[in-house]
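Here are some notes to read alongside the model. Take them one point at a time, with the picture open beside you.

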Amino acid sequence: MELLAFARGQALTFSVAVFVLGVLWRLVGVLALPAWRDFSPPREGSAPNWLSAIRAIFRKMIPHRTFLKEGMFTTVNGYVFHFGLGVVVFLFVPHILFLRSLFGVSWPGLPNGVITGVGALTAGSLLVALAYRLTSPVLKLISRPNDYLSWLLTFLPVATGLAATAHVGPRYETMLALHILSVCAFLIWFPFGKLMHAFLFVLSRGATGIRFGHRGAQL
Amino acid sequence: MTAKTTGSGVAFDAQGDRADAERRDAAMQAFVRDFARTAAIHMESCLRCGMCANACHFYVTTGDPKYTPINKLRPFEQAYHRHVGPFAPIYRLLGLKSNVSIAMLQEWESLIYDGCTLCGRCTLACPMGIDISELIKEARHGMYRAGLVPDRLELMDRTAKAWGSPASPAEDFADIIRETGEANGVPMNVDLPEADYVVTVAPAELTDHTKALSDVARILNKIGVKWTYSTAGFEASNIGYINGDLPLQEKMTRKIIDNAIAVGAHTLILPECGHAYGAARWEAARWYGKKLPLRIIHMTEFLAETVASGKIKLKKMGETTCFHDPCQLARRGGVTEAPRAVLKALGLDLKEFEDHGELAWCCGGGGGVVSNVRADPLRFKAFSIKRKQVEDAHTQHFVTACGQCRITLALGAKHDKWDQKVESLLEIVADHLED
Amino acid sequence: MKHDDNLAGEMQRRGVSRRAFLKFGSYVASLMALPPSAAEALAEGLAAARRQSVIWLSFQECTGCTESLTRSYAPTLENLIFDFISLDYHETLMAVSGEAAEKAREAAMAANRGKYIVVVDGSVPMKDGGVYATIGGRTNHQILEDTVKDAFAVVAVGTCAAFGGLPRANPNPTGAVPISTLVGGKPLINISGCPPIPEAMTGALAYVLSFGKLPELDHLGRPKAFFGETIHDRCYRRPFYERGEFADGFDDAGARQGFCLYKVGCKGPVTYNSCATMKWNGGVSFPIQSGHGCLGCSEPDFWDQGGFYRPLSTPLGAMGPALAGAALAGAALGVGAALSARSHQKSYLASAEKEKE
Amino acid sequence: MTSPCAASEPIETGAGFADALISEAIALVERFAKTGETATIDLGGLPMSNRDRAELDDFLGRGEVSANIDVIGRTEVWETRFSGVWRVRHFGGAEVATDLIEIAACPKILFADPRDAESAARGMAKALELKHGIVETPHET
């Protein structure tokens, strides 16, 4: 109970604060850099920048068919665990209550059986992703500690959450505390590692969308 | 020659006689300068998913993971995190990102110059939309300043600085134009003080593809506009753009733009060259810091608009063809419809490759790779993709709209002892003008 | 050996046969989920035991624990424990008072040195020399130390004694501490709860009496037999939790249909106690059955878990100020980082310009 | 109008518990028949619903023997319609405190303890003396 109180109290407040601080630090730090102004005339009939950005953000959700030939696994597995994380994080009632306490809005959740099933699927998908990262020559070469740490800190909340639900491991309140602490670790690391892509994808795709839209090129 | 190898056995060239630390610092300074907002966003965003690997012709044809596009950015990325990124002060304080070493830069030289054609196919594959090709182009700025460029490219750089073109001295330009006109029986305009259209050329047109010079003239004469070639601004290819020599890039660009403005042209026609389009159409205005008072269009766009306007009529060929989209024109320039419209006007039945338009495979020689003899073996490997595409298309013609692509493809065919002609869209149009 | 000296003998004199022990044994074995065969062992042990001297100390408490224990649900059976012990000192229940009462305690301690059990309800104030609760001019701490010294075992009854309870709730003005911190190495059983379930007290005492040792305890010193499972584990509303059917308030449709009370702050998932199985008031009901979430009263610091109506999965504190501060600091750091990067770039451009000249 | 307490009764779903218990009892009875080993099943610790209990009671029924014991409250003992299978139900006040199934020749609680008998013998002797009006022994201390 003391550990749980620490997790729900100081740890959670601290980590959410670090999360907010880090996310703003990184976003502002990048956005406040000087930007080259593009004086070249846009391609005739090209969309306004904001529209090109939005189109790119959506366009990039599904790779071109030609890239799916080799990238099917990465894409499908990526979708599986992203979808799984989304369901588990946003549709498990205790999580909804947590989010409600932060944002004041709530929505209906799913039965626990569904959440547990999706959680297990997510954990499996993450393990497969790790196995792929550890075996693919390309991924072995380009992976950094950041990638493994980000993986671990994504996997731990899923694993501890499942364990807490399934009453595996230590007592429930300890497991719950560990689950919350693992989420704290996730939140603390989030802004500093690649987990930040949850925000950056908008900027990254948008920027390229603007560049390509200006040129009338397809993304 | 200054060919050397790194400790790990990777060949590299180095120019000048400078201390390693000095080279390294020069590279870092240039890297740092390049990180504007978009580049920074892209440096922050990589997920290490590896999707870009299979978009790259060099990775696909060698299977060597070092050709994974994002891997080619490693020194650039390290410089970013150490000096520019939002957490740079922390990285420096805690020593989490070491400074880029000279050994690393030497090792990456061949990945950045030989192993990348700036074709940008990886950009399309990246789920985060990271414009990897643009970043590699920026990384070349630092490599150039460090004097870590393939010798052949550096040689072209020096030639361009001395001659105003990597192919031919400016003094000879007017003569080449006149001689070509005479040889092909086409009246040429050169160095007219005033004109509406200024035509620029690519290096190959001053040597191997001179017919292109008179083919443009024939079309312009046919439609009866005021046009000219100008000794003061004839070279549209931009070795500065390719090598990462920014001052040279600016100089080369300013030459053609200043000249076009001086003769009062409303349109500057770029030759059948890919990167000339990138350097002039999209980057020229950057040097002036304002909108330019003229249109800059590619030869292919010029052909398409001329055909569309009905000012020229073409003989119908009634044959089949395939078309190689030059990367800088199609993928990175947005010009995919124009060549198809021209082919259609020629009565050519276009059999599209499976991957065409913005998804086209690179010829393997862009970004200076075709000029960089050191990269020949790699380039010939990459050529196998294009060869298979062409063979599978089973067409009577194989057309493209970029001189560099044409040379790369012809060299590849020659190396393979494969009897396949590569044709220029411009030349075909000129050859099929209705009287 | 004379049978009269032991409990069996005492009962016999009152015309009660050993069947009473067997019945009581069955009852305790059932309560503590011991194997049914243990019933006879319990009965034999109790029958052979001497009447156990018990000294009951009340410190910072509300007497709710005593109320709970004297109102157990199976009076005839439950009260039997009072026939097995000699309650030599209990301020609330004893007839005498003042010096006579203290004398009774001292006499019992002297007579049963090393054998008596000390039952404590309430926490002990330690701040300012423990002046916040004194009896006969002596602080609770002094009395406890003095009494426990020669005891065989200590039973801390109620959450105040076991974990500090309400007196220890933030900001803990009296410096209240749980009994466990003050009894050194003495064997200790915590029977937490506010109040504790009477059967847990009966079961634990009967076990000690008949087997002469403590029952199996959890890491908080509570008998596993009564504190081995959470309220949530045995809650009859659990199926609603699993199905994701929750009451959003105390008078909405969900509440009327008896849905799970997790959303209105039930602490059942992290509260170890037997309420869901033994229930209260003769098995009539327990809080969740009456429509209110579990407060978690048998757990340490239950008073300071962010509020009884705050769901378990929510943060304990108000995050607003911390987050606002973090946001400002983050934005400032971001601007700072960008400015530093810009100055890097500017200095480069300046040096590049110089080169040009 | 539905009162908020309307659903406060635990849900009465049959968990099939009765059948499982009966199977367990059959095995124990077989063992008893073979070896004479007795056994007890405590129904108190099992998560049975009232419906489960009723089902079990119906199934076991009542057999030839039944007894009431009056010791610290009431205790009911009866043999079910299956020989050797007994029910022992201890009451504390009006509530069932312990509910057992015993597999035995006779539940232990029905036996008189020899040690009780020993004092009973003395008690009987004393009672007889009293009956005849002879008072000679002083009270034990």
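1. Start with B:Lys417, which sits in the loop between α19 (403-415) and β10 (423-424) of chain B. Helices (H or I, at least four residues) and strands (E, at least two) are DSSP runs, numbered from the N terminus. B:Lys417 is not a glycine, yet its phi is positive, near 50°. The residue is exposed, with 6 other C-beta atoms within 10 Å. Here, buried stands for 20 or more other C-beta atoms within 10 Å of a residue's own, exposed for 12 or fewer, and partly exposed for in between, with C-beta atoms placed from the backbone.

2. A word on the model: it is predicted, so local features need pLDDT of at least 70 and side-chain atom pairs count only at pLDDT 80 or more, while totals for chains, interfaces and linings use all residues. Residues are numbered from 1 along each chain as its sequence is written, and chains are lettered from A and ligands numbered from 1 in the order in which they are written.

3. Now look at B:Asp191, in the loop between α10 (170-184) and β3 (197-199) of chain B. B:Asp191 also has a positive phi, about 55°, without being a glycine. Is this residue exposed or partly exposed? B:Asp191 is partly exposed, with 16 other C-beta atoms within 10 Å.

4. Chain B has three parts: domain 1 (4-149), domain 2 (162-305) and domain 3 (312-431). These bounds come from an automatic or database domain assignment. The centres of domain 1 and domain 3 of chain B, taken over C-alpha atoms, are 29 Å apart. Their contact takes 16 residues from domain 1 and 21 residues from domain 3 of chain B; two residues are in contact if their C-beta atoms, placed from the backbone, lie within 7 Å. On the domain 1 side, α3(B) gives the largest share, five residues.

5. Which chains share the most contacts? Of the four pairs of chains in contact, it is chains A and B. There, 48 residues of chain A meet 47 residues of chain B. On the chain A side, α9(A) supplies the largest share, 11 residues. Chains A and D, by contrast, do not touch, and their nearest C-alpha atoms are 19 Å apart.

6. Chain C holds an open sheet of five strands in the order β2-β1-β3-β7-β9, with parallel pairing. Strands pair if DSSP finds at least two bridges between them. The edge strands are β2 (85-90) and β9 (188-191) of chain C, each of which pairs on one side only. In the sheet, β3 (residues 117-121) and β7 (residues 153-157) of chain C are joined by five bridges, and C:Val118 stands opposite C:Val154 in β7(C).

7. Finally, the inside. A nonpolar core is a set of buried Ala, Val, Leu, Ile, Met, Phe, Trp, Tyr and Cys residues joined through C-beta atoms within 7 Å. The largest one has 327 residues, and those with the most contacts inside it are B:Leu270, C:Val120 and C:Val154. The element that gives the most to this core is α1(A), with 16 residues. Leaving aside neighbours within four places in sequence, C:Val120 has contacts that include C:Leu57, C:Leu144, C:Val154 and C:Ile179.

8. Two cis peptide bonds in chain C deserve a look. One runs from C:Asn170 to C:Pro171, with omega near 5°, and another from C:Cys194 to C:Pro195, with omega near 0°. C:Pro195 is in the loop between β9 and α10 of chain C.
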